[in-house]
Amino acid sequence: MKNRFLLVLLFAFGFITAQEVSNFEKSPVFPECESQPIDELKVCFNNKINAFIFKEFKVPEIVNDESYKGEIKVLFEVDKEGEISVLYIDAVYDELKDETKRVFDSLPKVTPGTYNGKPTFYQYSLGIKIPLVDPSEIQTQQAKAKTIDLSTPEDLNADVSDEYKNVADSIVKYEKLEYSSQLNIPFTHNYYSRFDQEMNGLGTNSHTAAKPFTYDEVSAYYDFKAEKEALVKGSDSWWSRKLWNEHLVEIQGKDYWFTVDPIFDLQVGKDTEADFSSTYNNTRGIFIQGGLGKKFNFTTSIYESQGRFAQYFNEYAVSIRAEGNEPIVPGRGLSKLFKDGGFDYPVAEAYLSYSPAKFLNIQFGHGKNFIGEGYRSLFQGDATSPYPFLKLNTKFWKIKYTNTWMWLKDVRPEVTEDGAFLTKYMANHYLSWNVTKRLNIGLFESVLWANDNNRGFDINYLNPVIFYRAIEFSTGQDAGNAILGASAKYKWNNKVNIYSQFILDEFAINDVTAGNKSWRNKFGYQLGVKYFDAFKVDNLLLQFEYNRVRPYTYSHNSIVLNYAHNNQPMAHLWGANFSEAIVIGRYNYKRWFGDAKFIFGKRGFDFNDGADNFNYGSNIFRTEVDRNANTGITVGQGNTTNVFQADLGGGYIINPATNLRLFTNITFRNYNPEADTAAALSTSTAWFTVGVRTDLFNWYNDF
C-alpha cells in the first residue's frame, strides 16, 4: 500500500485520533457542541464532523464505476483561529483527493482548542471508508458484544487476540516529535551557531552555557520544523526523501516514536609532513533515538572506526597512550594499532532523558558535556573521550541549575593497579542567573576525588546544593581537588554578545599582595565576543576569544586528582600554562556552510632532557612538587612554543534530519618551540581532507 511504512492510518470511519488530553487541554469545539461538558467535547467533535462528511461527500463517478472499496486517509489541523485545513490526503484516486479537499474546505469554523487557557494547534487523523458508511451504523456495530463459536474444532494457529494487529494499525505519520522532545541537540559548534542568535535575543530568559541543549528548551526560540521544511528538496519517491530529507526509519504510535539512521564518517586526505601516502577515516555505525510518552526519551549511537590522521595527530594519540601501550584517539577513546600507522577505535554513546516535571530534566548516560559560551571552556570542555554521567537540569524563575556527576578514568601506566585503570569521580555544579534582560552571571564549582581507602563514589558529593569546598575540607586534606569559577555574559544588543569565564584552582592572598608571581596563584580566564549577522550579512557569525591559564592550574599534588579523563584534559585541551587568541567565522546559506578558524597561541612545555626535568606547569598530570620555582612563575615559561593553526572548511548538508554532510577542510599548523622535545616538536604542515560525515559531535584537531 502506498506510503504504508510512513503513514498507516487504518482507522474506521468515525474514529479520529488526536493529542492525549491532559488537565490543561481543551479540545476544539464543533458548532452545536458548545453546551457539552469538557470531557465530552472530543466525542461530540468526532460525531459532528463524521456526520457532516457523510452528508456532504459525493463519491466520484469513476469510483462507483470501478466498484472500488477502500479508505481515504486524511491528516488535518485546527489552527489557533479555529480554521480547519487539510495537511495530507492519501487515496487511490485523485478524484477522491479532490472531493475530500472540497468537503473539508466547506467545514464550518470551530472554536479553537486551548492549552493552559491559550489557543493552540490540534492535529487529527481520519479514515473515510469507501463506499461511505453511515456513522450511526458504526456506532451500533461497536456496541455489539463479541461472541466466540465454541462448536467448531480448535484451530491451533487461530488468533486469540487482536492486540498485535491493533499495535501495528496504531502507527501514524511521523510528526517530527524529536524537535519538541527532551532529547539533546547533538552539540557541534557549527550547528549551534544556527540558533545562537535566537537564544540570545534581548529579553529572552534562556540559559546558553550548559550544553548540550534539549530540543524543548530551544524550540521556544527557534522553529526546528520550519528550518527542516525550508531545506526540503528532491521528489516524493521513497529513496529521494530518505536521501535528502528524512530519517531512514521513522515510526510513531500513540505513546511512542523512534528513528533509526546509519552513521558515516568517511574521509581521505593528505598531510604534507607525513611519511605515509594519505590520511583516512572509516567510521560506520548506527544512531537510534526515540520517546516513550511525553516525558521519557532515549538515544544511542554505536561507532566502528579505523583511521590514520595527520602526523602530529597520530603522534599525540600515541603520546597519551594507556597501560599496555594502547593509543588514545583524542576525543574518541582507547584504540588499537591498525595496519600501517592507523588506529582501530570503537566508540559507544547513549543516554536516557526523563522530565518528571516541567522544571526538571534528569539524564543518565555515556557521553560528554560542555559549560561555556565560547569555543573553549575553562570549566568543562568536550575535547575528552566519552564518560558515564548523571545530570540534573533544574530551571525556575530566572535560574538554571546544572548538576553533573561523572565517573572518570586515569589510564596512565604509572597509576594502573594490577592492570586495571584507576577510577576517579567528578561532581560539578553550575548556576546560571539572568540578572537582567542583558546580563547573565554563572557560578561554577567542581570537585574530583579518587577511590582511595575503598571510598568509592562519596555520598557527601551527591547533594546537589552543597558547597564542595567545605566537603573537601571536612573529608581530609588532599581528599579531593576542588575548583571554583564564575562566568558572565552581556547582551550588548541583539547582534553582539560579550562573554567571559574565570577559573580558580588555588589562591593565596598573601602571595597575590606580595606581587611575586607565586606558583600557588593558579587561575585562568576567558574573554570573548560574538557578532551575529555581522556587517548586515544574514547568518554570518564572527567570534573572537582569548584564553589564558597560569601554570599548574588543574593539577594536584595527588597526581590522580588532575582535572582529566583518559589522559585528556576535562577543560581546555591545552591543559595549563598557555595564552591563546582565536578568531572564528561561520556562515550558513540554505544547505551550504563555511567555517574559518585562526588560532594564535603561546605554550610553555617541560624540557625533560635529562638536565632540566622540572615541571613548568603545562602538564596537568605531573605533581607540583617538581615545579621549577616558587615565585616568578609566568605564562609560557619553560620550553616556550609559539603556535599558529588555521582551519578552513565548508560543505553541503546532504540530509538536514540526520546532519549528514559532504565536507572539505584544510588545516595549516605551525609549531615553533625553543627546543625540540618529545612533547614539543617543531612542525609545519598542511592537512587536507574531504569526505562525508554524520555530524553529531565536536572533534578537535587543534591541540
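Two conventions come before the details. The model is predicted, so local features need pLDDT of at least 70 and side-chain atom pairs count only at pLDDT 80 or more, whereas totals for chains, interfaces and linings use all residues. Residues are numbered from 1 along each chain as its sequence is written, and side-chain values use heavy atoms, with hydrogens and water left out.

I begin with the disulfide. The structure holds 1 disulfide, a term that denotes a pair of cysteine sulfur atoms within 2.5 Å. The partners are C33 and C44, with their sulfur atoms 1.9 Å apart. This pair links distant parts of the chain: C33 lies in the loop between strand 2 (25–26) and helix 1 (41–56), and C44 lies in helix 1, 11 residues apart. Helices (H or I, at least four residues) and strands (E, at least two) are DSSP runs, numbered from the N terminus. The angle about the S-S bond is -80°, and the link of C33 and C44 is left-handed. Both C33 and C44 are buried; buried means under 20% relative accessible area, exposed over 50%, and partly exposed in between, with a 1.4 Å probe and protein chains only.

Helix 1 also leads us to the helix pair. Its axis and that of helix 3 (residues 94–105) come within 10 Å and cross at roughly 125°. Axes are lines fitted to C-alpha atoms, for helices over the stretch in contact, and angles run from 0 to 180 degrees between N-to-C directions. Helix 1 is therefore oblique to helix 3; angles under 35 degrees count as roughly parallel, over 145 as roughly antiparallel, 65 to 115 as roughly perpendicular and the rest as oblique. On the helix 1 side, F52, I53 and E56 meet E99, R102, V103 and F104 of helix 3, where contact means heavy atoms within 4.5 Å.

Next, is N369 buried or exposed? N369 is buried, because its relative accessible area is 4%. It sits in the loop between strand 18 (360–367) and strand 19 (370–371). Not counting residues up to four places away in sequence, N369 touches several residues, including K211, P212, Y387 and K391.

Finally, I turn to F600, in strand 31 (residues 592–605). F600 has a relative accessible area of 44% and is therefore partly exposed. The C-alpha atoms of F600 and F644 are separated by 4.9 Å, although the two residues are 44 residues apart along the chain. F600 touches F644, and also S579, E580, A581 and V643, not counting residues up to four places away in sequence.
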